[in-house]
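Take a look at the model below.

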Amino acid sequence: MILPGILIILCLLSSGAVNSQPEPQFFTERTLTLVASAASIVSFFLTIFVLYDTRRLRSFYKFRGGGPTLVKELRGCSQRISEFLNEYDEFIPQLSEELARSIAKLDSLERKLRGPAKVSARRLRRRISNYKADAGSEAEVREIYLEMVKVVEEIKGYQRDLDWER
Amino acid sequence: MPIEKNKWIDAAGKLLQLTQDEKLEWQPRDPPAYLNLEPDRKRVEVVYEAKYKDRKLRLYQFSYKVEQPRTSLSAFKDLATYVNPPVYPYWTRKTVLELLDHSGFGAWTFPETEVLDDLAAAVRYQAAGVKEFLDEILAVAS
């Protein structure tokens with residue numbers, strides 16, 4: 001007896017027979033448009049964030065793959081340049097070779113880095129590319145050597161930051 | 001990179017240049033006893049001393065044993081570590097440059113930079129007289 005009674009009351013309520021006053025409707029065309037607009041704006045920013053984060057993750061794994069080895073190799077270049085500087089005049093051809101080798105390392109590193117470390121690597125690569133072995137001076141090679149050491153230190157710092165991120 | 005760190009690299013670079021230009025002369029010496037208190041874990045073979053504008057500098061490389069770490073904080077280490085895991089214990093080297101006080105003790109240690117390793121190589125090159133040796137050899141050969 002009770003269950004049919006409840007069902008009848010529910011039916012009346014839903015048909016508006018009991019409460020004759022018109023209820024404010026939420027799902028109007030206007031509110032739906034507003035909600036959809038807001039959702040598309042939010043999803044736009046979400047897409048940008050996902051895009052940014054994907055690029056960040058991609059560079060993270062690209063660096064993890066070969067970055068540490070390249071940093072060691074670049075350090076090897078700076079070490080050899082320092083050795084050649086013991087007798088600059090005797091080792092000018094070897095210095096040019098070593099600088100050319102370091103350009104290749106920096107080029108690979110640049111594609112794996114992000115942020116200030118990438119900018120520093122690019123700046124050094126351009127500086128070495130502009131260096132002319134025949135017209136270059138010992139002072140210039142010394143400056144390149146010191147900048148190379150600084151770039152290696154900076155990339156190592158970048159590497160340490162990545163260690164904390166993962 | 002912090003400017004402070006750059007300053008130390010530049011300073012060590014200047015010492016390297018002075019050494020390579022033979023304006024700074026390094027003399028090999030026996031290491032003081034306090035540097036070899038635990039020879040089975042850390043040892044110094046030789047130290048090099050130089051005087052620069054009334055200040056004494058001491059440069060040395062110490063070898064130390066690296067034991068296997070108990071736990072690793074990170075599950076992901078460098079890929080290279082997985083491919084070629086280090087065999088523990090192993091020995092490695094570190095270069096130290098000190099500014100000495102009047103009694104010969106290390107009053108202050110330069111921050112670690114890779115230029116110090118290159119400085120140590122240049123000092124060994126100078127102390128061993130490699131340049132003179134090469135000149136002599138080449139003079140005889142010609």
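Axes here are lines fitted to C-alpha atoms, for helices over the stretch in contact, and angles run from 0 to 180 degrees between N-to-C directions. Helices (H or I, at least four residues) and strands (E, at least two) are DSSP runs, numbered from the N terminus. This is a predicted model: local features need pLDDT of at least 70, side-chain atom pairs count only at pLDDT 80 or more, and totals for chains, interfaces and linings use all residues. Residues are numbered from 1 along each chain as its sequence is written, while chains are lettered from A and ligands numbered from 1 in the order in which they are written.

Now the contact. The axes of H2(A) and H3(B) come within 10 Å and cross at roughly 35 degrees. H2(A) contributes Arg75(A), Gln79(A), Ser82(A) and Glu83(A); H3(B) contributes Glu114(B), Asp118(B), Ala121(B) and Ala122(B). Two residues are in contact if their C-beta atoms, placed from the backbone, lie within 7 Å.

The chains meet through 22 residues from chain B and 21 residues from chain A. On the chain B side, H1 (3-20), H2 (79-83) and H3 each give two or more residues. H1(B) gives the most, with eight residues.

Follow H2(A) next. This helix covers residues 29-84, 56 residues in total. From first C-alpha to last it reaches 77 Å, close to the 82 Å expected at 1.5 Å a residue. The expected span is 1.5 Å times one less than the number of residues. Where does H2(A) kink? The kink, about 50 degrees, lies at Gly66(A), shortly before Pro68(A). The bend is the angle between axes fitted to the seven residues ending at a residue and the seven starting there.

Turn to chain B. Its open sheet has five strands in the order S1-S2-S3-S4-S5, with antiparallel pairing. Strands pair if DSSP finds at least two bridges between them. S1 (27-29) and S5 (106-109) are the edge strands, each pairing on one side only. The twist averages 35 degrees from one strand to the next.

Three bridges join S1(B) to S2(B), and Arg29(B) has Val47(B) as its bridge partner. S3(B) and S4(B) pair over ten bridges; Leu59(B) stands opposite Leu97(B). S4(B) and S5(B) form a hairpin with five residues between them, and Gly104(B) in the turn has a positive phi of about 90 degrees.

H3(B) (residues 114-127) lies across S1, S2, S3 and S4 of chain B, at about 80 degrees to S4(B).
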